[in-house]
Amino acid sequence: MIRYISKENKALISELVRTDFKLRYQGSVLGYAWSLLRPLLLFVILYIVFVKFLKLGASIPHYPVYLLLGIVIWNFFLEMTTQSLGSIVGRGDLVRKIRIPRWIIIFSSSLSAVINLMLNMVVIIIFMILNHVDLLVTTLWLPVILLEVYLFALGLSLFLSAIFVKFRDVGYIWEVILQAGFYLTPILYPLTLISNVTFQKIILLNPMAQAIQDARWSSITHETLIPHTVFQGGWYMYIPFAIVIASLAGGLLYFRKESKYFAENI
Amino acid sequence: MSDNIAIKVVGVNKSFKLPHEKVSSIKSAVINFYKRKRTFEKQEVLKDISFEIKKGEFFGIVGRNGSGKSTLLKLLAGIYIPDSGQIHINGKLTPFIELGVGFSPELTGRENVFLNGALLGFSRREMDSKYEDIVKFAELERFMDQKLKNYSSGMQVRLAFSIAIRANTDILILDEVLAVGDASFQQKCYDYFNELKKQCKTVVLVTHDMSAISRFCDRALYIANGREEYIGSTREVSDMYLEANYNTPESGVERGVAVKPRPTIRRN
């Protein structure tokens, strides 16, 4: 373990994250404000269309904050996986010419997504105050749920970045999967809108759906469906967690196996 | 491995799979996929390489283009993994396959110094104390807050070299650093090599410059077509290299004779 958090690696990670930050909004006037503005603008559009026009979520208290939290968590997942996906290929010069631990590249790109998430969480807290959301004791669960999303995304990032070195098709495939995932995850519609319980269960097997619902339940309102109530305590309520663990373990193993050949395959 | 050996290479082989990408249509791609008929050409780049480098030795590697020098360096640096055979490294090794790896054109010179320092394992605080020296040595005091993309290539190399020589390491791997830069830069390189020799660092140097080989190296390795032809005195090695260059038909270029007829340039 000491080997992994050596002084050299720490210096390298902090410098790579710093570079990432400096380069991301290079040449834009608003600069880093964009990382807050993007989810907020998406939120405004979805709010106008789905809440104001289509009247979704009228049964759920604090629906705007509920919607925003879902968007922010999904965006974190999207940002982290898409950025990591191209990161090994994007840092090809380092991979081919220097010996640095390969995982550092993925880890530092995941850290910049985490920092972004933290900034977005500040916006959510402001929205919660404006919307008079009562502080729930269960909010203490929120960090654990976010950690679950992080680990899930990390596993996928490791896998995707490694396979992208060999097959560039993965970039397009992942884009389609993310698009599908956005609609198959109850982000902009409340889960109660789906009346078929079997469909509800299937949707909640997805770790992202489970995490988003649990996050909303724990910090915004208890009047929402969560896997525990939908599955009625059945054993399959553990499936999302099993998927997260499988993704992390699979991602780590595959990355470790492939990373030896990154330099010659890029 | 005994203590006075810095690098030990035992029977190393390395080959690359080069896919034949002659898929002309989606249909044939699909057919090939099902027939598992993706053809590869296996190119053996290094064959049964074995040698030892002692601690404090200045070791040269010489060979013509495509002989496998760079692959060997990357294997030593741990960037590639050998197909078979072993490589033992005794001490901290820093490769300079290229100067300025990781430089980012959109960052300022100053920011690049810190990023590059981190790639060499230096923390921000350590770099703070080295920063002044690096800038002074590179003679770029006025340009440090400009973006790197506005630097000339010579300035970039100077900055990269100035950072690289701060590397705190036991074994250095240098690939054709002499190939870039003007005479004064080369002089700086030579001074650095002398400094390294004085400090008794282990250095592996790849170059086409035979005068540098005979001036600095204690021993050298000559590779041709992925095989080691000779290890030993630098004199023998540079003779073999020069002979190989001038006695083969493709080597016309080096003698200043155009091998292929010049393409005619059409002017409208």
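**Exercise 1. Find what covers the buried residues of α4(B).**

Start with the cover: it includes α3 and α5 (153-164) of chain B, where helices are DSSP runs (H or I, at least four residues) numbered from the N terminus. Next, pick out the buried residues themselves, which are Met127(B), Ile134(B) and Ala138(B). Buried here means that 20 or more other C-beta atoms, placed from the backbone, lie within 10 Å of a residue's own.

A quick note on the model: it's predicted, so local features need pLDDT of at least 70 and side-chain atom pairs 80 or more, while totals for chains, interfaces and linings use all residues. Residues are numbered from 1 along each chain as its sequence is written, and chains are lettered from A, ligands numbered from 1, in the order written.

**Exercise 2. Trace α4(B) and say where it bends.**

Follow residues 124-138 of chain B. On the way, α4(B) bends by about 50° at Lys130(B), the angle between axes fitted to the seven residues ending there and the seven starting there.

**Exercise 3. Work out which residues of α1(A) meet α3(B).**

First, locate α1 (residues 7-24) of chain A and α3 (residues 109-119) of chain B. Then list the α1(A) side: Ala11(A), Leu12(A), Glu15(A), Thr19(A) and Lys22(A). Their partners in α3(B) are Glu111(B), Phe114(B), Leu115(B), Ala118(B) and Leu119(B). Contact means C-beta atoms, placed from the backbone, within 7 Å.

Finally, zoom out: the whole contact takes 24 residues from chain B and 19 residues from chain A. On the chain B side, α3(B) gives the largest share, five residues.

Notes: Contact = placed C-beta atoms within 7 Å. Helix = DSSP H or I, 4+ residues; strand = E, 2+ residues; numbered from the N terminus. Expected span 1.5 Å × (residues − 1). Buried ≥ 20, exposed ≤ 12 C-beta atoms within 10 Å, placed from the backbone. Axes fitted to C-alpha atoms, helices over the stretch in contact; angles between N-to-C directions.
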